[in-house]
Amino acid sequence: MATEKKEIKSLKSDETVYVAFQNRSPRNVTLYWHDYSGKLVRYAVIKSGGIYSIDTFVTHPWSVSDSKTGDRLFVDNQFVFFPKVQPQEGDEPRYDRFFIDLPVYPLLIRCLQEIRKKIPKNEMDRLHIPDNLKHALKYVPDLKCSTYERFSIIDHDQS
């Protein structure tokens with residue numbers, strides 16, 4: 001039984017929601033909107049402890065990555081965040097807060113991330129580590145924003 005991969009992209013712009021992204025991680029993060037063709041559009045850099053508020057739509061997905069390393073982070077405990085309709089009171093919009101957090105990666109993945117930051121690819125074969133770790137360094141993909149299926153990144157300010 002074949003499973004079909006669903007492309008992550010914005011659909012309609014008809015149901016407005018008000019979102020405040022709060023960065024609870026110790027890292028500066030980059031906020032991306034997934035546009036109508038599935039491309040990542042760089043929207044903002046949110047400093048550690050910072051908040052970024054935006055009017056968006058229910059069918060518009062958002063993602064976050066570490067601004068320095070590109071490692072993916074969670075928004076509301078998921079890698080791709082879809083806003084939900086929240087009840088509003090009165091005429092003024094109420095921005096619902098959603099938290100940006102570091103995911104808890106398995107120890108092996110965290111070790112691979114750290115080794116890849118410190119050792120050039122062409123020197124990994126020379127490490128005195130088990131062969132299965134060398135294999136993982138070569139073939140286990142990094143969990144970076146660039147690994148979202150079929151996406152490229154464009155700047156919001158330039159589009």
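Is F81 buried or exposed? Select F81 and check: F81 is buried, with a relative accessible area of 0%. Buried here means under 20% relative accessible area, exposed over 50%, and partly exposed in between, using a 1.4 Å probe and protein chains only.

Some ground rules before moving on. This is a predicted model, where local features need pLDDT of at least 70 and side-chain atom pairs count only at pLDDT 80 or more, while totals for chains, interfaces and linings use all residues. Residues are numbered from 1 along each chain as its sequence is written, and side-chain values use heavy atoms, with hydrogens and water left out.

Rings of Phe, Tyr and Trp (its six-membered ring) pair if their centres lie within 6.5 Å; planes under 30 degrees apart count as stacked, over 60 as edge-to-face and the rest as tilted. F81 sits in the loop between β6 (72–75) and β7 (96–101), and F98 in strand β7, so the pair ties together parts that are 17 residues apart in sequence. F98 is buried too, at a relative accessible area of 10%.

**Next, select Y43 and W62.** This aromatic pair is edge-to-face, 5.0 Å centre to centre with 80° between the planes. Y43 belongs to strand β3 (residues 40–46) and W62 to strand β5 (residues 62–66), so the pair ties together parts 19 residues apart in sequence. Colour by accessibility: W62 is buried at 1%, whereas Y43 is partly exposed at 21%.

**Two arginines to click on.** R24 lies over the face of F99, 3.9 Å from the ring centre. R72 does likewise with F79, at 4.2 Å. The rule: NZ of Lys or CZ of Arg within 6 Å of the ring centre and within 35 degrees of the ring normal.

**Finally, zoom out to cartoon.** You'll find two helices and eight strands, in the order β-β-β-β-β-β-β-α-α-β. Helices (H or I, at least four residues) and strands (E, at least two) are DSSP runs, numbered from the N terminus. Of the 159 residues, 37% count as buried. Among contacts (heavy atoms within 4.5 Å) with a separation of 6 or more, 69% come from residues 24 or more positions apart.
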